[in-house]
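Subject: Handover of a structure

Dear colleague,

I am passing on the structure below, and would be grateful if you could look through it alongside these notes. What follows is an account of how the parts are arranged.

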Amino acid sequence: MRSGEEMDQMAPTPAGPAEASLAYADGFHTEDETLQEARKRAIEWGAEPLPPGAGAALCFLATAINARAVVEIGTGCGVSGLWLLRGMRPDGTLTSVDVEVEHQRLARHLFSQAGFAGSKVRLITGRALDVLPRLADGGYDLVFCDAEPQEYADYLVEALRLLRPGGIVAFAHALLGGRVTDPIRRDPDTAAMREVGRLIRDDERLRPLLLPLGDGLLAAVKLP
């Protein structure tokens, strides 16, 4: 066992106030056993799960607008879907789209384990840009995107069609691990994320908000 002095010397340098505040905010929301299990499975299957802070923000948004009909692009293993379901109305339905059948199977198990009936979740296997055009215009309260950043601009177009006035569109990984804020980074994903941010910020039909929770959550309300 190491002495206290040795341990002090090995301790990491404390983060600055801004970093410490962000870490505190992201860790403010605890997850129950169901979400912890889902997060573990997602990591094992290579489906990067939404951090707790961003998940709690989604739950908050769904609750704030009394969401009944929600579209999720990128089911993963169900972490973000569970946060959304917990914020939605009891009679709500989550429509979740993903190309990975096995991920959706795990998500369905998670939702059932959490007590949500199968009728509350509609899982559609397929490419989002093929599925979304089949969904009803103005029929949704919230559209959440957690998939390929290079398709985010196209998802935004579809979301504006799908959302009712007052509905919300939200994009995960809006900061891409700090790459979006680094002017040197010009890879396709980073360029695409900057572009969707610009599109949302400059669109007079939208009221935008960028939350630095997790890897960043970019959201916007569709104005009446």
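Two strands are said to pair if DSSP finds at least two bridges between them, and helices (H or I, at least four residues) and strands (E, at least two) are DSSP runs, numbered from the N terminus. This is a predicted model, in which local features need pLDDT of at least 70 and side-chain atom pairs count only at pLDDT 80 or more, while totals for chains, interfaces and linings use all residues. Residues are numbered from 1 along each chain as its sequence is written, and side-chain values use heavy atoms, with hydrogens and water left out.

The secondary structure of the protein chain comes to nine helices and seven strands. With a radius of gyration (taken over C-alpha atoms) of 18 Å, close to the 17 Å that the globule rule (2.2 Å times the number of residues to the power 0.38) gives for 224 residues, the chain is as compact as a globular protein of that length.

The sheet is open and has seven strands in the order S3-S2-S1-S4-S5-S7-S6, with mixed pairing. Its edge strands, each pairing on one side only, are S3 (121-125) and S6 (206-211). Strand S5 (residues 163-172) pairs with strand S7 (residues 217-222) in the antiparallel sense over five bridges, and Ile168 stands opposite Val221 in S7. S6 and S7 also run antiparallel, joined by six bridges, with Leu209 opposite Ala219 in S7. In the hairpin of S6 and S7, where five residues lie between the strands, Gly214 takes a positive phi near 60 degrees.

Helix H8 (residues 152-162) lies across S1, S4, S5, S6 and S7, and runs at about 160 degrees to S5; here axes are lines fitted to C-alpha atoms, for helices over the stretch in contact (heavy atoms within 4.5 Å), and angles run from 0 to 180 degrees between N-to-C directions.

Elsewhere, the axes of helix H4 (residues 52-64) and helix H5 (residues 79-87) come within 7 Å and cross at roughly 30 degrees. That makes H4 roughly parallel to H5, as angles under 35 degrees count as roughly parallel, over 145 as roughly antiparallel, 65 to 115 as roughly perpendicular and the rest as oblique. Among the residues that make the contact are Leu58 and Cys59 of H4, together with Trp83 and Leu84 of H5.
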